[in-house]
Amino acid sequence: NLFDLKGDLVLRGGEVSYGNRGFYIREGRLVLNESAGTFDPTITVRAETREKDEDGQSIRIILSALNQHFSDFTPMFTSSPAKSEQEIMEILALSFKKS
């Protein structure tokens with residue numbers, strides 16, 4: 001019942017789910033320094049999804065986190081073209097209601 005898990009994984013693709021949304025991983029890293037007593041890997045990730053804003057314009061929404069433990073995962077959101085984080089959250093909330 002004892003184990004140690006140590007490793008450093010480069011993420012080159014895949015998907016991260018956050019707020020019932022899927023974000024495609026563009027780049028990332030997962031660092032494991034775990035044991036039977038604690039399991040809380042550290043993640044660095046940049047992932048994105050595409051949506052439309054209230055004007056129907058295509059927008060790329062980027063989720064990013066730098067060296068965060070899974071238990072404290074609180075990503076930041078940016079977009080292209082640039083929108084405020086509040087506008088981004090409203091776009092994500094609207095797209096969630098539609099699905």
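## A negative surface patch

Glu54, Asp55, Glu87 and Glu90 form a negative surface patch in this predicted model. Patches are made of residues with over 30% relative accessible area and no salt bridge, and like charges are joined within 9 Å. Asp and Glu count as negative, Lys and Arg as positive, while His and the chain ends are not counted. The place of a charge is taken as CD of Glu or CG of Asp. Accessible areas come from the Shrake-Rupley method with a 1.4 Å probe, and for residues only the protein chains shown count as cover.

Glu54 sits in the loop between β4 (42-52) and β5 (58-69). Glu54 is exposed, because its relative accessibility is 59%. Here buried means under 20% relative accessible area, exposed over 50%, and partly exposed in between.

## Basis of the model

This is a predicted model, in which local features need pLDDT of at least 70 and side-chain atom pairs count only at pLDDT 80 or more, whereas totals for chains, interfaces and linings use all residues. Residues are numbered from 1 along each chain as its sequence is written, and side-chain values use heavy atoms, with hydrogens and water left out.

## Overall layout

The chain holds 1 helix and 6 strands, in the order β-β-β-β-β-β-α along the sequence. Helices (H or I, at least four residues) and strands (E, at least two) are DSSP runs, numbered from the N terminus.

The radius of gyration of the chain is 16 Å, while a compact globule of 99 residues would have one near 13 Å. This radius is taken over C-alpha atoms, and the globule rule is 2.2 Å times the number of residues to the power 0.38. The C-alpha trace spans about 55 × 25 × 20 Å along its principal axes. Of the 99 residues, 31% count as buried.

## Salt bridges

The chain has 7 salt bridges, each defined as a side-chain nitrogen of Lys or Arg within 4 Å of a carboxyl oxygen of Asp or Glu. One of them pairs Arg29 with Asp8, with the closest N and O atoms 2.2 Å apart. Arg29 belongs to strand β3 (residues 21-35) and Asp8 to strand β1 (residues 4-11), so this pair ties together parts that are 21 residues apart in sequence. Arg29 is partly exposed at 41% relative accessible area, and Asp8 is partly exposed at 42%.

Arg21 and Glu51 also meet in a salt bridge, at 2.6 Å from N to O. Arg21 lies in strand β3 and Glu51 in strand β4, so the pair joins parts that are 30 residues apart in sequence. Arg21 is buried at 17% relative accessibility, and Glu51 is buried at 15%. A network of salt bridges links Arg26, Glu48, Arg50 and Arg60. Within it, Glu48 bridges to Arg50, with the closest N and O atoms 3.9 Å apart. Glu48 is buried at 7% relative accessibility, but Arg50 is exposed at 53%.

## Backbone features

Most residues other than glycine have a negative phi, and most peptide bonds are trans. A cis peptide bond joins Ser80 and Pro81, with omega about 0°. Pro81 is in the loop between β6 (76-80) and α1 (85-98).

Asn20 has a positive phi of about 60° although it is not a glycine. Asn20 lies in the loop between β2 (15-18) and β3 and is exposed at 67% relative accessibility. Asn67 also has a positive phi, near 50°. Asn67 is part of strand β5 and is exposed at 53% relative accessibility.

How values were computed: Patch = residues over 30% accessible without salt bridge, like charges linked within 9 Å, V, L, I, M, F, W, Y side chains within 5 Å. Buried < 20%, exposed > 50% of the residue type's maximum accessible area, 1.4 Å probe, protein only.
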